[in-house]
Structure formats: structure tokens, C-alpha cells
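The stops below are meant to be followed in order.

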Amino acid sequence: MTWHASPTRAALPTGDPTTGEVRIPVALYDLDALQAEVPLVLSRTEAEALRDRLDMLLAGTLVPVPTGGLR
């Protein structure tokens with residue numbers, strides 16, 4: 001299978017100010033076929049770390065690791 005996740009269209013992340021939990025609605029696909037829509041639930045620390053990594057990727061300062069195994 002070639003699964004991937006994308007943010008759910010027109011759905012915004014939500015946060016719980018008491019626990020710091022962050023919920024990001026995502027759509028799960030197998031190729032281009034929608035399989036499910038589920039929330040990605042992160043602690044505040046995890047959400048901040050994800051944001052920081054994405055910022056680095058978008059800024060071009062982090063080299064992505066290729067997938068598919070070593071040869």
C-alpha cells in the first residue's frame with residue numbers, strides 16, 4: 001500500500017487550553033482513494049516540535065531522508 005495523509009480540507013486545527021492538546025484533522029489516503037478522516041492528536045510539546053521541523057523543511061535547512069530502504 002502507498003498510504004499518505006493530508007490535512008482535511010476546510011478543517012482547522014483545534015487546541016485545548018487546559019491540557020495543551022492539539023488536534024489536526026487529517027485525511028488518510030491509499031494512493032488517491034480516501035480511506036478515513038481522523039484527528040492527529042499531539043501534545044503541545046509534540047505540536048511545537050512538528051511545527052519547528054516543518055519550518056526547517058520549508059526554509060530548506062533540513063535535508064529529507066529518502067524512503068524506500070537502503071540498497
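The tour goes from the whole chain to the strands, then to the helix and the salt bridges.

Residues are numbered from 1 along each chain as its sequence is written, and the model is predicted, so local features need pLDDT of at least 70 and side-chain atom pairs count only at pLDDT 80 or more, while totals for chains, interfaces and linings use all residues. Side-chain values use heavy atoms, with hydrogens and water left out.

**Whole chain**

Start with a cartoon view of everything. Helices (H or I, at least four residues) and strands (E, at least two) are DSSP runs, numbered from the N terminus.

Switch to a surface. The protein exposes about 6,100 Å², of which carbon and sulfur atoms supply 60%; accessible areas come from the Shrake-Rupley method with a 1.4 Å probe, and for residues only the protein chains shown count as cover. Of its 71 residues, 10% count as buried. Here buried means under 20% relative accessible area, exposed over 50%, and partly exposed in between (1.4 Å probe, protein chains only). Among contacts with a separation of 6 or more, 20% join residues 24 or more positions apart; contact means heavy atoms within 4.5 Å.

Select residues 22-30 for strand S3 and 33-42 for strand S4; the two pair in the antiparallel sense over nine bridges. Strands are said to pair if DSSP finds at least two bridges between them. Within this pairing, show Pro25 and its bridge partner in S4, Pro39.

Move to the turn. Two residues separate S3 from S4 in the hairpin, and Leu31 in the turn has a positive phi of about 55 degrees. Asp32 is also in the loop between S3 and S4. Is Asp32 buried or exposed? Asp32 is exposed, because its relative accessible area is 73%.

**Pro7 in strand S1**

Select Pro7, which lies in strand S1 (residues 3-7). Which residues does Pro7 contact beyond its neighbours within four places in sequence? The contacts are Pro25, Val26 and Ala27. Leu28 is 21 residues from Pro7 along the chain, and their C-alpha atoms are separated by 8.9 Å. Pro7 counts as exposed, at 64% relative accessibility.

Next, select residues 44-59. This is helix H1, with 16 residues and a reach of 22 Å from first C-alpha to last, close to the 22 Å expected at 1.5 Å a residue. The expected span is 1.5 Å times one less than the number of residues. Just after H1, Gly60 takes a positive phi of about 80 degrees.

Show the side chains of Leu40, Leu50, Leu54, Leu57 and Leu58, which form a nonpolar patch on the surface with about 450 Å² of accessible area together. Patches are made of residues with over 30% relative accessible area and no salt bridge: like charges are joined within 9 Å, nonpolar side chains (Val, Leu, Ile, Met, Phe, Trp, Tyr) within 5 Å. H1 gives the most to the patch, with four residues. One of the patch residues, Leu57, is in H1 and is partly exposed, with a relative accessible area of 38%.

**Salt bridges**

How many salt bridges does a search of the whole structure find? There are three, a salt bridge being a side-chain nitrogen of Lys or Arg within 4 Å of a carboxyl oxygen of Asp or Glu.

- Glu21 and Arg23: the closest N and O atoms are 3.2 Å apart. Glu21 is partly exposed at 28% relative accessibility, and Arg23 is partly exposed at 35%.
- Arg44 and Glu48: the closest N and O atoms are 3.1 Å apart. About one helical turn separates the pair, because Arg44 and Glu48 are four residues apart in helix H1. Arg44 counts as exposed at 54%, whereas Glu48 is partly exposed at 31%.
- Arg51 and Asp52: the closest N and O atoms are 3.2 Å apart. Arg51 is partly exposed at 45%, and Asp52 is partly exposed at 38%.
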